[in-house]
Amino acid sequence: MLQKQPVLETSPHVSNEVRQTTCYMCACRCGINVHLKDGKVAYIEGNRDHPVNRGVLCAKGSAGIMQVNAPSRLRAPLKRVGPRGSGEFEEITWDEALGIATDWLAPIREAAPEKLAFFTGRDQSQSFTSFWAQGFGTPNYAAHGGFCSVNMAAAGIYTMGGAFWEFGQPDWERTKLFMLFGVAEDHDSNPIKMGLGRLKERGAKVIGVNPIRTGYNAIADEWLGITPGTDGLLILALIHELLKAGKIDLDYLAHRTNAPVLLDDDGLFQRDGEGRPLVRDRTTGETVPFDAQKIIPDLRGADTVFTKLIERYLDPQYAPDAVAKRCGIPAQKIKLIAAELARVAFDEAIEIDQPWTDFRGHSYDKMIGRPVSFHSMRGISAHANGFQTCRALHVLQIILGSVEVPGGFRFKPPYPKPATAHPKPHCRVTPGQPLDGPHLGFVHGPEDLCLNDDGTPARIDKAFTWENPMSAHGLMHMVISNAHAGDPYQIDTLFLYMANMSWNSSMNSAGVMDMLTDTDENGDYVIPHIIYSDAYSSEMVAYADLILPDTTYLERHDCISLLDRPICEADAVADAIRWPVIEPDRNVRGFQSVLVDLGARLKLPGFVNEDGSAKYKDYADYMTHHIRRPGIGPLAGWREGGDSRGDANPNQIDRYIENGGFWMEHIPDEALYYKPWNKAYQDWAVAKGFYDSVQPYIFQLYVEPMRKFQRAADGHGTRQPPDHLRDQIRQKMDPLPIWYDVNEEDQQGSDEFSIHALTQRPMAMYHSWGTQNAWLRQIHGRNPMYIPTKLWEANGFNTGDWARVTSPHGSITVPVAHMAALNDHTIWTWNAIGKRKGAWALDKDAPEATQGFLLNHIIHELLPPKGDGLRWSNSDPITGQAAWFDLKVKIEKVDAPAEAQPEFPPQKSPVGQGPDKLTWKVGK
Amino acid sequence: MTQLPTHTEKKLGLVIDLDTCVGCHACVVSCKGWNTENYGAPLSDQDPYGADPTGTFLNRVHSYEVQPDQGVAQLIHFPKSCLHCDDAPCVTVCPTGASYKRVEDGIVLVNESDCIGCGLCAWACPYGAREMDADQGVMKKCTLCVDRIYNENLPEEDRQPACVRTCPSNARHFGDLADSESDVSKLVAERGGIDLMPEQGTKPVNKYLPPRPKDTWDQIDILAPLLDPVAEEPKGFLGWLDKTLEKL
C-alpha cells in the first residue's frame, strides 16, 4: 500500500483560558497553569515563572485533574447516624452543621477551653488555624509536624536558625558534591529533582546514604546502604576524621559560630551584664561580648566550646574503624567520604567577587564558598535519636564552613531566624479568653515548659514537658491515645482537619480505632465529640460525629504565607495564593472559610468587630484584611504603599492572580550569602518585615538550652523533672551532638526482632491521597514488602509468596517481593498504599484493600514494657518526634491468606463508588 | 502493507538520560493528561476505582535492578515510549495504512479514522510501545506531541512534548537527531547515546544515554587519597591549632 499521509491539524485549540494557581497534590506548593475549556479543567502543567518549580510538574501535579473529578469527594455536611466507625451519615445543611459545632464549642470556651483539642494535619494555613485556636483559648493546637519531621526542623533552628526544605536548599548552581541522607522524595520533591538534574548536567558527585536504593539513591554516584538509625554515628565518624586531619574551616568556626564562646564551670555560657555570651578577642586577649565590633574571636583556651568539641569528637569511639560494623559501612569507605568532603570543600573552594560586611564590622572583598552540600528529611528524622542525628549533620556542615556560603547550603527568607527570635510556647488558659500567646515555639530552658503550677502537663499531647522538652511542633500522634486515657485530662471535642488518624497517620491504627469508638460505663463515647474536615472520603470520616466537607485545591482560596511555611528561594522572597479557578459543584466550603464563620459565631477575638458582627466574610477577606503586626498581613505582595510592609490592599488578591498566583522579590546581590551575619541581608530582612530589628547571630554548635535541662536533671533550679526522667534527660539532652543506639535499648531489638522495617513514600503519591486518583493508583496500586537477597534466600521465598511480619506489638501478613539494592537487615514497603474497604470510593476488592497493608499496625505509640513498671513513648526524648523508623521485626514465610492481615470490616461509603470507566475529555 | 518513506527531512525524537532519571513518573502522567484531552480518542481507563484498574498510557517507566559482579546492586529507571524508528515494523505491518511515518519529521503516527484495531502493529513492535485503547478499539501510541511541537496556540517555549516540558530532573530532551549540530545530537555524541535493542534492526530515532559508572568506591584497589592526621589526641590537635592560627 502506498504511503498516504493525512492532513493533520498541528495547531489545535488548547484551551479557552489558563488560570494560574498553586498545586496541592503534595506539600511542595508548585505553581500550576490550569487550562480550562468551557469552565472545565482540560489540562494542568507547571508554571514556568514560578520560583518553586519553574515549569516542571511531577506525576501528582499532572494528575490533579483526576483529584478534582475524584468520586471520593465529599458532597455535603454530614451528621453521624450510625455507630462511630460504621460510616453511616445523613446529609445536613451548613446552617445545621455550623449550629451543632457552635453548640458544642461555645460552652467549652466559657468553662474550660482546654477541652477542645484542635489538630490540623497537613495544613498549609497554620498561621491562620493557630490564630483561631489562640483566640479560642485552648492550649491544644498543633499540626502534623510531630509525626513528620520536627527533629529536622527543631535541630536546624536550634543549631543554625533554619533547616532543610522550607528553610533552605543546597546552592544547586554551584555545589560540586552533594550528600543526601535518608528518604527525601516526599518533601520539596520538584526542587530536589531539578537540583539533581543540574548537578548531573555539571557532572557533580552525588552520595546517597539510605538503606534502600530507590529514587534519588538510584542515580547517586555512590550509594551507602546504611543500617537504619546509625546515620548519626556515621556523621560523627566523618566529623572525627575531618577534625583529626585539621580539615575544618577555622576562620568560619571563629567568626560564624559559638565555637569561641566561653563556658563556665556549669557548662553554661559566660555572659556579660546584658546577657551576651562572651568570647576572647585574639587581638587583645580580652574577654568581650560575642558581637563586639572588629573582634577576632579566639577558638583556643580550655574554656571554649571549640575545645570541648575537639575533646568530644577526637575520641577513638568515633573512629571509622569503631563505627563501621554498626553502620554497616566499611571503614575505608567512611574515610574516602571524609577525604572527598575535605577535598571539594577546601581544594575546590569558590570565590565570588562580591564585597560584604559582617555584623562585627569586618569588611570582606570576596565571598568564599565551600561547594559541598547536604540534604535530609524524614529518613534521619523519624528515629528516637533523630534530633541529635540532625544536629550532628548540621555540625558537620558547619565545621566544613559550608552553610550560607557559595556552593554550600543556603537559607530561604524569612530564614535564617535563630531559635531566640521565635516565640516561646504558650499554654496559659483563661475561660472565655484567648490563650496568652502562640501555642508552639522554642523553649530555652525548664522555665519555658508547658507545665501547670502543679507540674502536670498543660497540653493534651504533653508537648513541652520533661518527656520531650523541645517538642516544637506538638505531638499530634499522642492526642487520641492521651484523650482516650484521660491523661493528663479528659477532653470534650476533638476537632481535626486533613489528618487520617484512624488509618495511615497514626501508629497502632487498630488501637486508635478502638479508642475513637470506646464508651464509658454510661455507654457514652470516651471522646464525646469528634468534628472532622476533609475534602475526601478518607478512613477518618467514619469516626467523626460531624463532617465539614472541604473543597478540592482548585476550588478554594489559600495563602502560602511568610507567616507560615514559606515558598521562598535562597535568592528571593516569595509567597503565593490559591484561588477558585473552578467553582465547586457540591455543597462544600473551604475549611478556612468555615473557621472564619465559626470564629464569628463563637465571637473569638480577631474574628468579630467591636459590635459583635463578623469581621471577615470568608478566608479571602481574611487573607486581604487581617493585620498581624503593624504593616504585616498574611500576604506580603502588593500591600498599600509598597510590598512586604504596608496597609491592607483590597485588590491584593487580584494583583496575585494577574502575576500568576505568586509574589516574589529578589535579594540584593551583596545580601545573597552569609545571611545570618551579613549587614546588608539583615537590613533588607527588616525592611521586608521578617523581623522588626536586625537579628545577627552565631551558629550554635553547643546548644545551651539543652545544658539547662541537664542541669535541672542534676537537681539545679526550682523546676524539677520527675525522678524517672532524670537519667533520660541527663543522657539525651547533651548540648553537643551524641549518638545512641535506638535499636537495642528501646525497640527490644534482640535476636528475636533483628530486622529493620521501613516505609518510603513514592514520588508519585502523597500519603493516602494518591489512591483515589485513577491515574496514580495505576502506578502505585500495590505495596509488597521488599526483602533483601540474604533474607529472601534464608527464608526460602519465591515470587508470589507471603510473609508474617511480627514486631513486639503485633503481626501483619503481607505479600513479599525480592530487592537486591537494599541493606541486608532491612525490609521495606511503600507508605500509605493500603486502604480500608469502603474508603476513598474504591471497590471493596481494590488491591489497596485486599493486598495493600500498613506498617502502622505493628508500630505502637508506646515502647514495649521494659520491666520498670513504666511505658515509654515511642518517640524522640528531646522533641517527641514519632520514631516510625525504629521498628524492629521478625519475618516468616506463611501460606498465602485470602487477603492481607489484619482485615477490617468495610466502612459504609458516604459517597458511593467510582464509575467503572473513564474517558475524560472535556473539549469537543 | 504500508510503505515507509525512503527519507525523512528531520528525525525528531527523544534523548532519555538514564543517569538522571529518578523514576518519578512525571512524564508518564503529563503524557496521559495531554493525550487524554488532545490527539484522537481519549486515553481511557477501565475499572479505574476497582479491583483491576487498567488504562492506556503512551509512556511508562519500568525499573530494573542490576547486580554487578562486584559491589552493590543498582536500580535503573527506564522510561519507554515509541522510539519513532526509521525502519518501523509497526508501519510496514499495518494493513490499512493507518500507521504511517511522516515524511517531514519522521514521527510515527496512527490515523485513528483508518485504524481497524487489528493490533498487528503492537505485535510487530519489539518494544511493546503501542497500546490498544480498550474503549475505542483504536491503537494508541506516542505522537511526540505532534499537536504541541508545531502548535501556534502555544508559546514557542512550550512547543515541545509534554513529557519533556514537565520532566523535573531534565532527563528528557527533544530535538532533531538528523542534524548533527542539534543539542540532542551533541548530547548523544558526548555521552555515548545508544539504540535500544539494535539487533532488531528497527533503527530507532530515540536514543538512551547510559548511566555513568557508579559505586567506584566499592572497587577494592581504589587509589583515592585519604586524609593525613594532624593529631590523634586533643592535646596534639590544640598544638596544631596554635600553629595554624598563628599563620592565619
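Predicted model: local features only at pLDDT ≥ 70, side-chain atom pairs only at ≥ 80, totals over all residues.

Visitor: Okay, how many helices and strands in chain B?

Guide: Chain B has seven helices and 11 strands. Its radius of gyration is 24 Å, well over the 18 Å from the globule rule for 248 residues, so chain B is more spread out than a compact globule.

Visitor: What does the C-alpha trace of chain B span, then?

Guide: About 85 × 50 × 45 Å along the principal axes of chain B.

Visitor: How much of chain B is buried?

Guide: Buried residues account for 46% of the 248 in chain B. As for contacts in chain B between residues at least 6 apart in sequence, 60% of them link residues at least 24 apart.

Visitor: Let's do sheets. What's the strand order in the three-strand one in chain B?

Guide: That open sheet of chain B goes β10-β1-β11, and the pairing is mixed. The edges are β10 (172-176) and β11 (207-209) of chain B; each has a single partner strand, so one side of each has no neighbour in the sheet. On average, neighbouring strands here are turned by 25 degrees against each other, ignoring direction.

Visitor: How do β1 and β11 of chain B pair, parallel or antiparallel?

Guide: Parallel: β1(B), residues 12-17, pairs with β11(B) over three bridges. Within that pairing, Ile16(B) sits opposite Tyr208(B) of β11(B).

Visitor: Which strands does helix α6 of chain B lie across?

Guide: Helix α6(B), residues 183-191, lies across β1, β10 and β11 of chain B, and runs at about 120 degrees to β10(B).

Visitor: Switching to chain A. What's the order in its seven-strand sheet?

Guide: In chain A the order is β5-β4-β22-β21-β20-β6-β7, an open sheet with mixed pairing.

Visitor: Why do β5 and β7 of chain A each have one side without a neighbour in the sheet?

Guide: Because β5 (89-91) and β7 (141-142) of chain A stand at the edges, where each has a single partner strand.

Visitor: And how many bridges join β21 to β22 in chain A?

Guide: Four, between β21(A) at residues 529-534 and β22(A) at residues 546-549, and these two strands run parallel. One residue pair to look at is Ser533(A), whose bridge partner in β22(A) is Leu548(A).

Visitor: Great, thanks!

Terms used: Residues numbered from 1 in each chain as written. Chains lettered and ligands numbered in written order. Rg over C-alpha atoms; globule rule 2.2 N^0.38 Å. Buried ≥ 20, exposed ≤ 12 C-beta atoms within 10 Å, placed from the backbone. Contact = placed C-beta atoms within 7 Å. Pairing = 2+ DSSP bridges. Axes fitted to C-alpha atoms, helices over the stretch in contact; angles between N-to-C directions.
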